[in-house]
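Hi everyone, thanks for coming along. Let's have a look at the model together, and please stop me whenever you like.

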Amino acid sequence: MSQTRRVAPEVVGAQPVAGPHRSRLSRARSFVDLKVSPYLLVSPYFILFAIFGAFPLGFTLWVSLHDWQLAGDKEYVGLEHYEFLLGNERFRTTVVNTLGMFVVATVPQLLLALMLANALNKRLRGRLFLRLGVLIPMVTSVVAVAIVFSQLYGTEYGMINWLLEKVGVDPIDWRASSTASWVAISSMVDWRWTGYNAIIYLAAMQAIPRGLYEAAIIDGASSRQQFWHITVPQLKPVILFTVFISTIGGLTLFAEPLMFGSGRFDGGTTGQYQTVAMYIVQAFRERNNYGLAAAAAWLLFVIIIVVALANYLVVNRIREAK
Amino acid sequence: MAGAAAIALLAAACGGDDDDGNGDSGSGSEAITLKVDVFGGSGFGYEELVKQYEQQNPNITVDYNIVTDDYDNEYRPQLIQQLDAGSGAADVVAIEEQGVGQMMSMSDAWVDLTEYGLDSRESDYPAWKWELGFTGDGKLAGLGTDVGGMAMCYRTDLFKQAGLPTGRDEVAAMWSDWEGFTDVAQQFIDSGVDAAFVDSPNQIYNIRMVQEAGNGDGLSYFDEDNNYILADSPAVQTAFDYVLELHEMGAIGPFQNWTDEWNVAMEAGGFATMGCPAWMAGVIESTSGKQNAGNWDIAPVPGVSGNWGGSWLAVPAQSEHPEEAAALADFLTTPDSQLAAYKAISVFPSSPEAQQDPAVAESTNPYFNDAPVGSIISDSITTFEPVYYGELHSAVRAAVEDVLYGVVEGTYASDEAWDAFVAAGQEVVDTSA
């Protein structure tokens, strides 16, 4: 505001010398400068968002209301695809799988990240090395991670079953049941993302004023009490951020279960670990059914919004709990 | 590299122009480029044939592309999109068995090769290979290239441990029919050797099902009007029951094809037998490694006939030079060319004439104790009876095979498996456009 004021008198001062014509031009220029250029400067994001965000969203919605062939007939069918999906057992299974894996993966992941960040925030020997260490899984390609983990979770020749047998536990067929496959896939997700979240928490922790802790210590609070009553509430905005990011990532889970099932979209013999994302890709890639895939994509979008809102309400209670 | 290719292209184009300048060098003397799209790790082995063709037809430049090695996930969806959109497809495209039904259901997308006199090629093929090249409404759209055939690979070391004969003639005699196969399985199980008898349920199921269908009405999952008839198909029922019988004996392993576990089991001796199309020999050799040389042998399958894999060349209707493209497809699929491709990269010829050539018929495989692979595979092809593949055949096949794996894995009890089997195929029908 103060900047605009400073600019304006100069322009006005130039007026008498320049004459009426010049003044209209400079007025136009100042209008562009003040009212248009800010929008131009922020426009790249909105233009890109319109092309790659808003348009695909709208177009997908349009496709989902049709029986859609790439170049052939596009017959309007209304909400038929949505009706089919809501009544379809396989699609419901994929929704349950996706939500299930999201919970199994995200809850321990964020709790672990919080503990990890708290530990890394203390004075430790080799702190920098440890802090970098938790980030290393992030640098590994998701497919490489999934391939290695898929071999570890082999039923007959996998290392985890071999270790289980060593300690006298029956080997587990990791791909046969929902529970086992969810745990296996969640472990891949957690291995990759726990460190990432821990570093974000750590950065936020270092911004918490030390005075709060000093006051708490004077009041006789234990370090456990400090963690739950100062650290966690102070981290609330950051926790909210990581929960949102994890929700979006978890509900669009694709690469890990795909590689776990040897690159097939079926997600196991009964779809035990088929996610909604896999169902969508299967619908248009294998079944050529673009309308159905688009409808499933929109349902996934709605699910993500609902889950994100629910998470927001849960996380928002943190301060009240104090 | 790109520069060199561009220069070569220019030179070829100039050559064409010169021909034009010289006047009458027959029809089609205008310089044109024909694009050929194929798939596979080493493609179709056409490099030399393409050069030869360009020499014989100086006005034609052939742009031969190996698009990807992943047919099902990359090549097929891309080709379908190009055909559907009406542009972007090559002048000659390769189609694999996995999805030939889907391609042939898109009748409008293909040039009818009969228009260019290629119905004369019928005598070069076994009947089933020829017939699968026709669209639903009777256009000749595809000319066959290679085939997979079918044989049974088995581990001699495990057979020896189990006290079974290991010579391939004796083995073939023991399982000349499916009852014999069951008996061998039982003996193997009784011996207590720590390995599965068969790797997985799906190949046994498919070999049996296609034999039964070929000897019966020639139908499996769909009838010629594309109605879903899996539940009423006697061939499917017989093959399904047979797999269940083997499973209840404990003969079938859980090693799903193309998984890590399957690869490890192949090397470590986790199973004693597996279905073996011609191209599988190479897979076994590279997966099992040198240390297992001589541990694998190969014999005919029970009932002898079978096939897995093999391709066709077709000309999309969107091609600007359908006549020249048809002539090229014709050239690339002649018995001589099939032989040349076999010599280049060992793709097994579908033409009986090429199969009888000593280079194929007398070929043996040193890794498999010098087994006469050529004649074993030829026998499986010549006795093979055609089976109709509907548009959704390969998608249904993948879904119902999941149920078979589920039975072995214990996800389905045997008595609920059939209903799940029928329902899995129905799900594909319901969700396909």
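Chain B has 19 helices and 9 strands, where helices (H or I, at least four residues) and strands (E, at least two) are DSSP runs numbered from the N terminus. Its radius of gyration, taken over C-alpha atoms, is 23 Å, close to the 22 Å that the globule rule (2.2 Å times the number of residues to the power 0.38) gives for 433 residues, so chain B is as compact as a globular protein of that length.

A word on what you're seeing: this is a predicted model, in which local features need pLDDT of at least 70 and side-chain atom pairs count only at pLDDT 80 or more, while totals for chains, interfaces and linings use all residues. Residues are numbered from 1 along each chain as its sequence is written, and chains are lettered from A and ligands numbered from 1 in the order in which they are written.

Back to chain B: 51% of its 433 residues count as buried, meaning that 20 or more other C-beta atoms, placed from the backbone, lie within 10 Å of the residue's own. Which residues of H14(B) are buried? In this helix, residues 335-345, they are Ser337(B), Gln338(B), Ala340(B), Ala341(B) and Tyr342(B). Their cover includes helices H2, H13, H15 and H16 and strand S4 of chain B. After H14(B) comes Ser346(B), with a positive phi near 65°.

Now to a helix pair. The axes of H9(B) (201-215) and H18(B) (393-409) come within 9 Å and cross at roughly 130°; axes are lines fitted to C-alpha atoms, for helices over the stretch in contact, and angles run from 0 to 180 degrees between N-to-C directions. The two helices are therefore oblique to each other, the class left over once angles under 35 degrees (roughly parallel), over 145 (roughly antiparallel) and 65 to 115 (roughly perpendicular) are taken out. H9(B) brings Pro201(B), Asn202(B) and Tyr205(B) to the contact, and H18(B) brings Glu401(B), Leu404(B), Tyr405(B), Val407(B) and Val408(B). Contact here means C-beta atoms, placed from the backbone, within 7 Å.

H18(B) turns up again at the partner chain. There, 29 residues of chain B are in contact with 27 residues of chain A. Which element gives the largest share of chain B's side? That is H18(B), with 6 residues. H3, H11 and H19 of chain B are also among the elements that give two or more.

Thanks, and questions are welcome!

Conventions: Two residues are in contact if their C-beta atoms, placed from the backbone, lie within 7 Å. A residue is buried if 20 or more other C-beta atoms lie within 10 Å of its own, exposed if 12 or fewer, and partly exposed in between; C-beta atoms are placed from the backbone.
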